[in-house]
Amino acid sequence: MGAGLAGGRAAVELRAQGFTGSIVLLGAEEHPPYDRPPLSKGVLSGRLEETTLPLDLGGVEVRLGQRATGLRPGTVETDAGPLAYDGLVLATGAAPVTLPGDGPQRVLRTIDDARGLRDALKPGVRLVVVGAGWIGAEVATIAAKIGAEVTVIEAAASPLQVALGGEVGGQTVPWYAEAGVDLRLGVSVREIGPQALVLGDGEVLAADEVVVGVGVRPDTAWLAESGLVLDRGVVADEHLAASWSADGPPVVVVGDCAAWWSRRYDRRLRVEHWDCAQGSPAVAAATLLGGEAVYDPVPYFWSEQFGRMVQVVGLAGAGDTRVWRGDPGAVTAPEARRAPGWSVGWFAPDGRLSAIATVNRPMDAVAARRLIAADAVVDAERFTDLAIPLKDL
Ligand code: FAD
């Protein structure tokens, strides 16, 4: 259920792993599986029109424009009638959170959203983006380039506060000004009215277009009565198997809607990143076919904003120490492509590198992913030296 990256990859994996029975891939959108990261980059800028994924879905019955509406053991209810199954992959992804108010607000989740916003973005258009997270920053980047008058409203004291913490997220503040974007921090939005937003202090901010990028929620409301265990996503074990409160045929879960047990972190994770939608289906398919594979990745995410490539690997722990690598204040702007960039690492009390964020340093991200996956203890002093490749630490 769900014909995005994770659902499409699950169908391909089932075939690749030898499943010869019938596969139905059911998707609420009218589009075959497509890639979402380019929506806020190439599609929004007009450089790309299509992002259809090159998946071999021959031998898969793809039903588009059909929505699953309910589930009971052995049967999915859909708006086109019931569908019986012997095994089920849940891949319904996540849906954007919207804000109160009866004014028009855009979100950016689907290719139709992206094309609609692209058509609305013109030089001089007053665009207000709510949320200085990943999506907000990427939308602001493209809109400013097009010549829109862009304001970004963020309730937290820095951009990317939830993902990276205030001090690291705060390093991105100058990027907004440099792009001509008015970033307003510590400002909440009360509601969205016609052609204006009402802010927390009552100020009315005029806008021709409003894009809300304040996060997503797993698209699992249709499973509420199913008897599957849900808790901010579909709860699954380390093999990505979901559990019924009663008996039922096997169900696995992949991508943005999966809340699976991570052996590595000894807790449940839900990771709304491309890498998870790409990697989890192989394990889920194996599980559905009776295997014992374990899904246990080091989380990875990238974002392209204000001419920088930002990459984040791993998960920082509460007691970790932050160590800078390079100077975050140094020039990393597009015109300084040969500038060294910078990274910041989070070190566990026992000296292991637990997470890294990198700006224009893709080789740091690659090396750190290996180090984190290997639970490597890294010399924090040497880590600070940009002249020493991370792979040599
Ligand atoms: P989705 O891609 O959401 O697919 C789920 C599909 O299921 C949807 O088509 C939906 O319509 C369908 N569906 C939902 N409910 C039902 C139902 N009841 N019945 C039938 N079908 C249903 N990640 C990165 O790592 N880096 C990036 O730079 C990045 N950029 C992004 C930019 C944008 C604009 C967006 C939206 C996401 C971005 N991501 C990025 C996140 C990444 O794209 C997602 O993690 C990934 O798409 C998740 O894939 P999925 O298949 O789990 O879910």
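How far is an oxygen atom of the ligand from an N or O atom in the side chain of Glu29? The distance is 2.6 Å. That pair is a polar contact (N or O atoms within 3.5 Å; within protein, one must be able to donate a hydrogen and the other to accept it, and residues adjacent in sequence count only if both atoms are side-chain atoms).

The model is predicted: local features need pLDDT of at least 70, side-chain atom pairs count only at pLDDT 80 or more, and totals for chains, interfaces and linings use all residues. Residues are numbered from 1 along each chain as its sequence is written, and side-chain values use heavy atoms, with hydrogens and water left out.

**Ligand contacts**

| Residue | Part of residue | Distance to a ligand oxygen atom |
|---|---|---|
| Leu5 | polar backbone atom | 3.3 Å |
| Glu29 | side-chain N or O atom | 2.6 Å |
| Arg36 | side-chain N or O atom | 2.5 Å |

On its own, the ligand has 990 Å² of accessible area (Shrake-Rupley method, 1.4 Å probe), and the protein covers 96% of it.

**Domains**

An automatic or database domain assignment sets the bounds. It gives domain 1 (5-95 + 216-288), domain 2 (98-212) and domain 3 (307-392).

The C-alpha centres of domain 2 and domain 3 lie 28 Å apart. Their contact (heavy atoms within 4.5 Å) takes seven residues from domain 2 and 14 residues from domain 3. The buried area between them is about 920 Å² (accessible area, 1.4 Å probe, lost by two parts on being put together, summed over both). Carbon and sulfur atoms give 69% of that area. On the domain 2 side, Val168, Gln171 and Trp175 supply 53% of the area buried against domain 3, more than any other three residues.
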